[in-house]
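Visitor: Please give me a close look at one part of this model, the packing inside it. Start with the setting, then go contact by contact.

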Amino acid sequence: MGPLHLWYLIESLFAFIMLWAIRKLNYKILFSIFIICTISGICLQYMDIYNLRKITMTAYRNSLFFCFPFIFIGYSLNRFSFQEKKMKWDMLFLLSIIILIVEVSLNYAFGKGSFDILVSLYFICPLLFLIALNINIYSNKKTLALYSTGVYLVHWYVLKLPVLNIFNLQGTPRIIFAFILSLILSWFLIQVKKKFKYIL
């Protein structure tokens with residue numbers, strides 16, 4: 001929530017630097033590094049969550065084991081021009097969602113703690129990206145950016161509103177309510193920006 005989840009920004013920056021530094025290596029070597037980092041991160045997390053061994057969260061939630069694999073996936077999508085390939089990405093995406101639901105259900109049933117690295121996300125994220133690239137959005141890109149910024153800035157305060165506790169909103173309902181209210185408040189911020197350009 002709020003600034004507390006910005007850890008991934010600096011870790012992503014380090015991951016970008018890592019990939020840039022080794023980008024000239026043979027792709028098979030790069031892919032091998034990707035596999036090693038991915039499997040290592042998953043194994044470290046699962047050993048921690050399932051109490052197989054006490055491991056600190058930062059051991060796997062970092063630039064090497066968490067961010068680098070996703071950065072590499074994006075690099076590969078661009079390198080091989082996946083967005084130009086005519087495939088039914090949406091069907092594969094739906095299948096990945098089913099796998100995600102099964103994975104999360106098993107983790108919550110048998111694991112203890114929060115999961116940052118989900119195996120299904122390595123499929124869902126690139127598929128969702130490819131689907132988004134092929135969607136024609138008839139809207140002002142600047143407006144979308146403003147709403148995105150607005151939601152980010154106000155959601156922390158929305159989640160702290162007493163009304164959420166009055167109605168005992170927890171979990172998913174709390175998040176959905178906070179998101180909708182954040183969108184509404186973002187609209188007001190955008191209106192204010194029309195008079196005060198430095199807002200947002």
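Guide: A residue counts as buried when its relative accessible area is under 20%. By that cut-off, 30% of the 200 residues in the protein are buried. Keep in mind that this is a predicted model.

The setting comes first. The protein has 8 helices and 0 strands. Its pattern along the sequence is α-α-α-α-α-α-α-α. The C-alpha trace spans about 55 × 40 × 35 Å along the principal axes. Now take the contacts with a separation of 6 or more. Of these, 74% join residues 24 or more positions apart.

On to the packing. Two packed helices are described by the angle between their axes and the distance between the axes. Begin with α1, residues 7-22, and α3, residues 63-79. Their axes come within 8 Å and cross at roughly 60°. The crossing of α1 past α3 is right-handed.

Which residues of α1 and α3 make the contact? From α1 come Trp7, Tyr8, Glu11, Ser12, Phe14, Ala15, Phe16, Met18, Leu19 and Ile22. From α3 come Ser63, Leu64, Phe66, Cys67, Phe68, Ile71, Phe72 and Tyr75. By class, that contact has 15 nonpolar, 2 polar and 1 charged residues.

Next, α4 and α5. Helix α4 covers residues 89-110, and helix α5 covers residues 121-133. They pack at an angle of about 150°, with axes 9 Å apart. Angles over 145 degrees count as roughly antiparallel, so that is the label for α4 and α5. Here the crossing is left-handed. On the α4 side, the contact uses Trp89, Asp90, Leu92, Phe93, Ser96, Ile97 and Leu100. On the α5 side, it uses Phe123, Ile124, Leu127, Leu128, Leu130 and Ile131. The class count is 11 nonpolar, 1 polar and 1 charged residues.

Now the loops around these helices. Most residues other than glycine have a negative phi. Asn51 has a positive phi of about 55°, and Asn51 is not a glycine. Asn51 sits in the loop between α2 (27-49) and α3. Its relative accessibility is 53%, and exposed means over 50%, so Asn51 counts as exposed.

Ser81 also has a positive phi, near 50°, and is a residue other than glycine. Ser81 lies in the loop between α3 and α4. How accessible is Ser81? Its relative accessibility is 25%, so Ser81 counts as partly exposed.

Lys88 lies in the loop between α3 and α4 as well. Lys88 has a relative accessible area of 65%, so it is exposed. For a sense of reach, pair Lys88 with Asn165. The two are 77 residues apart in sequence. C-alpha to C-alpha, they are 43 Å apart in space.

α4 and α5 are roughly antiparallel, with a left-handed crossing.

Conventions: Residues numbered from 1 in each chain as written. Predicted model: local features only at pLDDT ≥ 70, side-chain atom pairs only at ≥ 80, totals over all residues. Heavy atoms only, no water. Axes fitted to C-alpha atoms, helices over the stretch in contact; angles between N-to-C directions. Helix = DSSP H or I, 4+ residues; strand = E, 2+ residues; numbered from the N terminus. Left-handed = near helix turned anticlockwise from the far one by under 90°. Contact = heavy atoms within 4.5 Å. Nonpolar A, V, L, I, M, F, W, Y, C, P; charged D, E, K, R; others polar. Buried < 20%, exposed > 50% of the residue type's maximum accessible area, 1.4 Å probe, protein only. Parallel < 35°, antiparallel > 145°, perpendicular 65-115°, else oblique.
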